[in-house]
Amino acid sequence: MTTRVLRWIAEPILAGLLSLAMLALLLAVSGYPVADSLGALWGGAFGSWSVLASGTLVRATPLLFAGLAVALAFRAGILNIGAEGQLMMGATAATAMAMALPATSGLAGVALALTAGVVAGGLWAAIAGFLKQRFGVLEVISTIMLNVVAVNVTGLLVRGPLQEPTHIFPQSEMLDVALRLPKLVPGTRLHAGVALAVICALALAWFLRATAAGFRLRMTGANARAASSAGGIDVARVSLLAFIASGALAGLGGAVEVTGVTYALYENLSPGYGFTAIAVALLARLNPVSAIGSALVFGALEAGASAMQRDAQVPAGMVEVVEACVILVLVASEWLGGRGGRARSFFWGGPPNTASAESSESLNRTRPTEPTSTYTNRSIITRDDTRSSRRVSS
Amino acid sequence: MVLPPGTNRAVTSVAPRMALDSITRHYGTVMALDGASFSVSPGEVHALLGENGAGKSTLMKVAFGLEQPDAGVIRFDGERTTLRSPRDAMHLGIGMVQQHFALVEAMTVAENVALGGDGRLDLSQVAEQVRRISGAAGLPIDANAFVRDLPVGAQQRVEIIKALARDTRTLILDEPTAVLAPQEATELLAWIRRFADGGGTVVLIAHKLHEVLSVADRVTVLRRGHTVLTARASEVSEQVLAEAMLGTASPISADASAGEITAHHRARAIDSGAVVTLTNVSACDEYGAERLRSASLVVHPGEIVGIAAIEGAGQYELLRIIAGRMAPSSGVVAVPEVVGFVPEDRHRDAVVLSATLTENIALRGAGTRRGLMPWNTIRRETEALLSLRDVRASSAEVPMRTLSGGNQQKLVIARELASSPTALVVENPTRGLDIRATTEVHTALRAAREAGTAVIVYSSDLDEVLSLADRIVVVTGGCVREVRGSRDVIGRAMLTVES
């Protein structure tokens, strides 16, 4: 138990150090003053309580919500690449709800707006879930495409029904002060949504570990066939519910961003939170509690990047390169362990199900006389043993 | 299936088209081929027979360059050759149609035929080629149809056309009729005969003896990696072939009582009610082919019913219907609500390798569990099962993948028996296990019987079935019937030889 806690803490720190080392190398190669640039980065991320509260933590919050969404989906064996779109739909629905409510509704109104975001994000993900189960559409494809649809739906709305009263800017009216998330620390941008995100992370960890539904979700993700055959689990139902829950978390992230940070809806509300979230989830090895740390690492990097650009004239894009490098290193190493077999093999281009790959290995060893590979013109397709390959091909 | 057997065909005295001489191939400590020899001449249909695991497929993989022999000589038209890959084999005009087709379902027939070709791709030209071959060979096919829309029989024709498009003169067919309806099988066998009469060479791996005798010129039987019989088809009977395939009972089982195989028809008074009752149950596989025809079966508490069948006879569906894992297409199924099930592919269907042992035990009943997981209780239960069934694991919290195959299987059986089910369905329970683990699994199954569980066990190893079962049910061609008698009688019943 203690080693696990240590790992939760150690890994994000290690990843942070790794990315700093890479950034230093990149800066040196590109001819920027390494120490000054890194100093600016550090200052922008952790330099003072106010930059930590207003910059890093605020920046990490949507990353954490979306990262939890991705982690939950991956744990269920669903490759949800659509957190970005689900987040945008959440932000849009929260804005629409807030606009429809009187300012006097206060905190209850904020709660309603957040709920609208949860529902919208869940429904948006449910589209991909439905397409997958009804027509076998790969969720990787459908969620990516729904991202584009979501951004354009938002664009349409902020030029139409949700546009501000003067009809000049493509954005919504500012939310009434009463309908904004309360501040945790007066005088900073640190809003209550930060605490909500941490609560969500802890709740998700508890759900996955302690509840029967969470157990069904994990088993479905780890080996759907065994979950169905040995556990009697309705894997289609579990999978659809996981789609919805994942979208709901991302949608909540979008709603929190509108009611806590931007106070208005516009197309570029998210600078790719939903995509960085994949990195957040992978760095956290799909563990919700570790995701708090990894969201912080990425939040700090992004908050520091703008300071570095301002103070040391280093392009902020440099940090994005480093983020990508960290992910590549993580994925290349076996840090992901046995978690989320399907997600892992997706990134490594392995078989669709690690379990069946292993079983075919063992069958090769133990049943040498059954055909284990099939010759197709120029390529050898390795299969399970004769019996199972036919069954598995459905 | 009344085809003119290739009588009066002079099996030429010139060098055979393909000759495999004393081929040896082993995997680890298992000898898959132990000096097997086989040859086939132009114009000949040569059938290759043997039980599951006798080495048929391995031998043909060697002939097609998919496997390299450890020892032995391959000659083609009298010349010694080495087949490093299927590409080499194809250069010599050898083609192979595997039991499981290697087709791209989302592509058309012509595109599948074009796959692996060289140079520029002109699909209309390929389509024309497909039509030409299809016309000349008498294998009707629509060159522009998508493979996924074709029935199995047509997909098989695509595979053959694919081979013919590469100027194949030596065709190896691995159990080609196993997936076909009787009418389609008859047509295919007739085509095979015509292909050979036109100067082609065919190696036919088969299970069904009457088919073999109806089409083949010569027959070779493999048993445990050896060639035990090669004869003209006109000179052997089904009985002779069955005896050659089955051999005499060999003491493979580590179990002490395996010697008295047929003495297991225990005089156990079974007057308690039936646990499992199937009445006229039929079932189809995912392709819609009927796999089980009007099967009826009754299993009582406290007995082990052994299922004896060759690969693909319908036992796969039968077991899953009893276990409640598959719905029949018709008939009446009366089984307990909870049936223990130990499937043959445990990594795919029974365990979650990345999950802990406790979690794997918790899997049972997970579909209907509500609220919180009582982890402490389940862990204690797991620890109790580990010691009860002698599963060697350092703790209940290690991942399943850290256990050996035998310990994994023991844990699966422990889990399935933990809720004291009234029925237990077991499929190839000792596949891949060593002798010690095999014995332990057998002991656990017998203990379940003594505890009053109705146990249904299938194994592709007939001797294992015989050593465990109180009575034997044979599944052939989707039909289920009880067979009493010696190993020989049951073996023949599996191969549908009238006794």
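## Close-up views of a predicted two-chain model

**In strand E18(B), Ile472(B) is the bridge partner of Gly306(B).** This is a predicted model, in which local features need pLDDT of at least 70 and side-chain atom pairs count only at pLDDT 80 or more, while totals for chains, interfaces and linings use all residues. Residues are numbered from 1 along each chain as its sequence is written, and chains are lettered from A and ligands numbered from 1 in the order in which they are written. Helices (H or I, at least four residues) and strands (E, at least two) are DSSP runs, numbered from the N terminus. E13(B) and E18(B) run parallel, joined over 5 bridges; strands count as paired if DSSP finds at least two bridges between them. Turn to E17(B), and there the residue opposite Gly306(B) is Val457(B). How buried is E13(B)? Of its 6 residues, 6 are buried, so E13(B) is largely enclosed by the rest of the structure. (Buried means 20 or more other C-beta atoms within 10 Å of the residue's own; exposed means 12 or fewer, and partly exposed lies in between; C-beta atoms are placed from the backbone.) Ile304(B), Gly306(B) and Ala308(B) point one way from the strand, whereas Val305(B), Ile307(B) and Ala309(B) point the other way, and all are buried.

**Six-stranded sheet: in chain B, 6 strands make an open, mixed sheet in the order E15-E16-E17-E13-E18-E19.** The edges belong to E15 (339–342) and E19 (479–483) of chain B; each has a single partner strand, so one side of each lacks a neighbour in the sheet. From one strand to the next, the twist averages 20°. (Axes are lines fitted to C-alpha atoms, for helices over the stretch in contact, and angles run from 0 to 180 degrees between N-to-C directions.) E13 (residues 304–309) and E17 (residues 454–458) of chain B pair in the parallel sense over 4 bridges, with Val305(B) opposite Ile456(B) in E17(B). Helix H9 (residues 315–322) of chain B packs on this sheet, touching E13, E15, E16 (423–427), E17, E18 (471–476) and E19 of chain B, and its direction makes about 160° with that of E17(B). Helix H14 (residues 435–450) of chain B also packs on the sheet, touching E13, E16 and E17 of chain B at about 150° to the direction of E17(B). Contact here means that the C-beta atoms of two residues, placed from the backbone, lie within 7 Å.

**Three-stranded sheet: E12-E11-E14 of chain B form an open antiparallel sheet of 3 strands.** E12 (290–299) and E14 (330–334) of chain B are the edge strands, each with a single partner strand, so one side of each has no neighbour in the sheet. Ignoring direction, neighbouring strands are turned by 20° against each other on average. E11 (residues 276–284) of chain B and E12(B) are antiparallel partners over 6 bridges, and Leu278(B) has Leu297(B) as its bridge partner in E12(B). You will meet H9(B) again in this view: H9(B) packs on the sheet, touching E11, E12 and E14 of chain B, and its direction makes about 130° with that of E11(B).

**Helix H16 (residues 487–494) of chain B has Ile490(B), Gly491(B), Arg492(B), Ala493(B) and Met494(B) as its buried residues.** These residues pack against helix H8 (238–246), E13, helix H15 (462–468), E18 and E19 of chain B. After H16(B) comes Thr496(B), whose phi is positive, near 50°.

**Thr170(B) sits in strand E7 (residues 170–174) of chain B.** This threonine is buried, with 22 other C-beta atoms within 10 Å. Leaving out residues up to four places away in sequence, Thr170(B) touches Arg17(B), Met18(B), Gly93(B), Ile94(B) and Thr201(B). The C-alpha atoms of Thr170(B) and Ser459(B) are 34 Å apart, and 289 residues separate the two along the chain.

**Helix pair in chain A: the axes of H4 (residues 83–100) and H5 (residues 106–135) of chain A come within 7 Å and cross at roughly 145°.** Among the residues that meet are Leu87(A), Met89(A) and Met97(A) in H4(A), and Leu112(A), Val118(A) and Trp124(A) in H5(A). The residues of this contact divide into 17 nonpolar, 7 polar and no charged. (Ala, Val, Leu, Ile, Met, Phe, Trp, Tyr, Cys and Pro count as nonpolar, Asp, Glu, Lys and Arg as charged, and the others, Gly among them, as polar.)

**Confidence: the model scores ipTM 0.78 and pTM 0.72.** In chain B the mean pLDDT (the predictor's confidence in each residue, from 0 to 100) is 84, and 90% of the residues reach 70 or more. Residues 1–12 of chain B have pLDDT below 50, with 25 contacts in the model beyond near neighbours in sequence. Residues 249–271 of chain B also stay under 50 and have 37 contacts beyond four places in sequence.
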